Every structure is written in C-alpha cells, then in structure tokens.
Amino acid sequence: MVEFDPIPRFPPERFAQVRCPDPSKRKPFLKGLDQLSQEGAIQIFYGRNEAREPILAAVGELQFEVAMHRLKSEYNVPAILERLTYTVARWLKGPEADINALFRLSAVKATEDKDSSPVALFEAEWSLRFAQERYPSSSARLRTRLSTTVLPTPRRPTAMKLFAGRPCRARRS
C-alpha cells in the first residue's frame, strides 16, 4: 500500500474579497472555490457576523490570478476580486470573550476558516504586536496554523532518485 504525505500549507500574506456578480452562477462559483481550496491553491476565510462573502488568502499574487483564471475557464464563472490591506493571519484559540475583545480592535478583521475556527487578519506586523500587548492573556493563543490538506504526494522513489548518479545525456536534433 502506498502512503501519502499531506501537502503543507503556508501562512497567507495576501488577501482579497471575491464575489460573483451573477447570482445565477453562485453555486458553481462556490464549487470552484471549494475545489481550489482543496487543491491547496488558495485558502478561504469568511467574515464573522456579516455576509458570507469569501475572502481568498494566498502566499502570493500569482495564486489570485490562477484562481480567477480557473474560475472563468473551468467553471464559467465571472468573479470580481478586490484586494484587501491585511498582510498577517493568526488562528485564535481561547475563551470566546477574549476572542471577541481582540476582534473589536480597528486594525483586525474578524474571520473564520472553512472549519469555523476564528482567524484574525491584521493589517501589518505592528497591529499584531499591538494586539499581543493589549490582550496578553490571549496573545499566547495567537498562532500561525501551518495546516495541511489531504491532497496526497506519494512516498515512493521519484525520477530524480531513480536516476541519481547516472550521467544525463542531451539529445541532439
């Protein structure tokens, strides 16, 4: 039996609100976002206590471009992407009162991930430090989640390992 390692997910540094302007395409829009999230191309957050418009989270700008292209080409869904000013995400754990107090800061966006875990988006490192100083009881619970997705990568010899040590011959045309 072949065992698979999960693909690591890195903490996002870019965020954008995405919406579908055509209400009749809402279902394929959400299906496409879910598929992209499962593949690890993007992470999806939803605002707490507001409309459930998805917020895409990515390591770099290219991931947004890929997501928008795939939504249009594979799911035939037009989407509008609006960049957000947040640059740091931290998953929160602790008493609900502490989490809600932290979410009341002006430089913090209250969101949750696909598992309904609370996630705070900060505009910059300074706003994260301010939150840690202001709420020291919950600052220990601010963490970067390097979560994993279930997409497999096989644990078997790769072509590089199979051919390691053998000379590479270039073909001439």
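Helices (H or I, at least four residues) and strands (E, at least two) are DSSP runs, numbered from the N terminus. Ser-116 lies in the loop between S7 and strand S8 (118-122). Its phi is positive, about 65°, although Ser-116 is not a glycine.

The model is predicted: local features need pLDDT of at least 70, side-chain atom pairs count only at pLDDT 80 or more, and totals for chains, interfaces and linings use all residues. Residues are numbered from 1 along each chain as its sequence is written, and side-chain values use heavy atoms, with hydrogens and water left out.

Asn-76 sits in the loop between H2 and S5. Asn-76 is exposed, at 52% relative accessibility. Here buried means under 20% relative accessible area, exposed over 50%, and partly exposed in between (1.4 Å probe, protein chains only).

Now to the charged pairs. Side chains of opposite charge can pair when their charged atoms come close. A salt bridge is counted when a side-chain nitrogen of Lys or Arg is within 4 Å of a carboxyl oxygen of Asp or Glu. The count by this rule is 8 salt bridges.

Start at Arg-48. The side chain of Arg-48 meets that of Glu-96 in a salt bridge, 2.9 Å from N to O. This pair links distant parts of the chain, 48 residues apart: Arg-48 is in the loop between strand S3 (43-47) and strand S4 (54-58), and Glu-96 is in helix H3 (residues 96-103). Arg-48 is buried, with a relative accessible area of 18%. Glu-96 is partly exposed, at 42%.

Arg-48 also forms a salt bridge with Glu-112, where the closest N and O atoms are 4.0 Å apart. Again the pair links distant parts of the chain: Glu-112 belongs to strand S7 (residues 108-112), 64 residues apart from Arg-48 in the loop between S3 and S4. Glu-112 is buried, with a relative accessible area of 15%.

Turn next to Glu-61. A salt bridge joins the side chains of Glu-61 and Arg-83, at 2.8 Å from N to O. Glu-61 is in helix H2 (residues 61-75) and Arg-83 in strand S5 (residues 80-83), so the pair links distant parts of the chain, 22 residues apart. Glu-61 is partly exposed, with a relative accessible area of 30%. Arg-83 is partly exposed too, at 45% relative accessibility. Salt bridges that share partners join Arg-14, Glu-61 and Arg-83 into one network.
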